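Hello,

Here is the structure I promised to pass on to you. My notes on it follow below, so please open it alongside them.

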Amino acid sequence: MERIEQHASFGGRQEVWQHASTSTGTPMRFSVYLPPAALAGERCPVLYWLSGLTCTEQNFITKAGAQEHAARHGLLVVAPDTSPRGEEVANDPAYDLGQGAGFYLNATQAPWAPHFRMEDYVVQELPALIEQHFPATGARGIAGHSMGGHGALTLALRHPGRYRSVSAFSPIVAPSQVPWGQKAFGAYLGDDRAAWAQHDAVALIAGASERLPLLVDQGEADEFLAGQLKPGLLQAACEAAGHPLTLRLQPGYDHSYYFIASFMGDHVAHHAKALRGRRS
């Protein structure tokens with residue numbers, strides 16, 4: 001691993017690292033915020049953040065304002081890039097497919113399958129790396145925005161016992177039913193709709209074996225609300241399955257990091273309550 005950035009922040013340190021990934025077969029970058037407690041030698045729980053379409057780790061660490069809250073609660077916060085990158089990695093001219101748009105799944109179709117293995121990277125490889133090289137416990141939470149909100153919900157639902165908390169901002173809750181998800185799933189997973197359902201939060205809720213409470217914030221002025229996000233579908237699925245959901249519709253807020261920063265403190269506190277309640 002190579003550390004390529006470090007900055008003092010709220011008594012802790014914001015770092016960015018690059019390493020050779022065995023999951024994607026490419027160099028990958030991730031950011032990690034080390035709170036003051038970690039710098040003092042304490043092993044701390046970890047909150048993983050998954051970003052949205054077109055983002056890298058930089059959008060979150062420079063715009064979300066998570067460091068102040070993580071410092072107060074004593075959480076490491078880790079944010080990977082949104083996809084593999086490089087000249088040898090398949091890509092598409094559109095912003096919603098290819099590099100910057102990994103959708104946090106393992107692709108099965110050419111030309112994406114060799115490198116687009118973001119589920120393996122986020123769920124297995126990255127936590128193993130963090131828990132080996134940083135002062136981290138095995139207590140993990142996961143959160144994200146938009147495409148990353150989809151990733152946070154589906155990875156928590158697909159891997160019971162792996163995470164102790166989950167939350168999302170403006171998630172793509174039913175990718176099988178909206179243009180962003182249909183385009184990505186068709187490319188990465190092919191035409192098998194049963195394979196799509198395995199990466200669709202609304203479809204997964206009914207069979208969920210774990211009942212992690214979901215915290216979801218959604219801006220009512222979000223331009224993608226009606227066409228791509230459809231949080232009402234998640235609410236209906238949770239009600240039908242008896243799955244705990246707190247869905248907060250926030251008047252006047254859009255899809256941007258201004259929205260995320262406004263409620264980031266609530267989300268970090270949500271995770272801290274679960275992660276600090278049981279120490280590993």
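Where is the place of proline 135? Proline 135 sits in the loop between α4 and β6 (136-145); helices here are DSSP runs of H or I with at least four residues, strands are runs of E with at least two, and both are numbered from the N terminus. Before going further, please note that this is a predicted model, in which local features need pLDDT of at least 70 and side-chain atom pairs count only at pLDDT 80 or more, while totals for chains, interfaces and linings use all residues. Residues are numbered from 1 along each chain as its sequence is written, and side-chain values use heavy atoms, with hydrogens and water left out.

**Around proline 135**

With a relative accessible area of 21%, proline 135 is partly exposed; buried means under 20%, exposed over 50%, and partly exposed in between (1.4 Å probe, protein chains only). Leaving aside neighbours within four places in sequence, proline 135 is in contact with Leu34, Ala38, Glu42, Arg43, Cys44 and Leu76, where contact means heavy atoms within 4.5 Å. Proline 135 and glutamate 42 are 93 residues apart in sequence, yet their C-alpha atoms are 6.7 Å apart in space.

**Salt bridges**

Glutamate 42 also has a charged partner: it forms a salt bridge with arginine 276, with the closest N and O atoms 2.9 Å apart. The rule used is a side-chain nitrogen of Lys or Arg within 4 Å of a carboxyl oxygen of Asp or Glu. Glutamate 42 lies in the loop between α1 (36-39) and β4 (44-50) and arginine 276 in helix α11 (residues 257-277), so this pair ties together parts that are 234 residues apart in sequence. Both ends are partly exposed, glutamate 42 at 30% relative accessibility and arginine 276 at 24%.

By this rule, the count comes to 10 salt bridges. Two others may interest you:

- Arginine 158 and glutamate 119 meet at 2.8 Å, N to O. They link helix α5 (residues 147-158) with helix α4, 39 residues apart. Arginine 158 is partly exposed at 28%, whereas glutamate 119 is buried at 5%.
- Aspartate 217 pairs with arginine 248, the closest N and O atoms being 2.8 Å apart. Aspartate 217 is buried at 0% relative accessibility, while arginine 248 is partly exposed at 25%.

**The nonpolar cores**

The largest nonpolar core has 66 residues, and those with the most contacts inside it are Phe30, Leu76, Phe103, Ile130, Ile142 and Tyr188. Such a core is a set of buried Ala, Val, Leu, Ile, Met, Phe, Trp, Tyr and Cys residues joined through side-chain atoms within 4.5 Å. Helix α4 (residues 118-133) gives the most to this core, with seven residues. Apart from it lies another core, of 24 residues, among them Leu47, Ala71, Phe169 and Phe263.

**Phenylalanine 103 and its surroundings**

Phenylalanine 103 is in the loop between β5 and α4 and is buried, with a relative accessible area of 0%. Not counting residues up to four places away in sequence, its contacts include Leu53, Met147, His150, Trp180 and Tyr188. Histidine 150, in helix α5, is buried at 1% relative accessibility.

The backbone here is worth a look too. Most residues other than glycine have a negative phi, and most peptide bonds are trans. Phenylalanine 103 has a positive phi of about 60 degrees, and tyrosine 104 has a positive phi near 55 degrees. A cis peptide bond joins alanine 110 and proline 111, with omega about 0 degrees; proline 111 lies in the loop between β5 (76-80) and α4.

**The largest pocket**

Which residues line the largest pocket? They are Gly52, Leu53, Thr54, Cys55, Tyr95, His145, Ser146, Trp180, Phe224, His255, Ser256 and Tyr257. A pocket is an open set of points on a 1 Å grid over the protein atoms alone, where a 1.4 Å probe fits, with protein on both sides within 12 Å along at least five of seven lines; lining residues have an atom within 4 Å of a point. Its volume is about 170 Å³, taken as the space filled by probe spheres set on the points, which are joined across faces, edges and corners.

Best wishes
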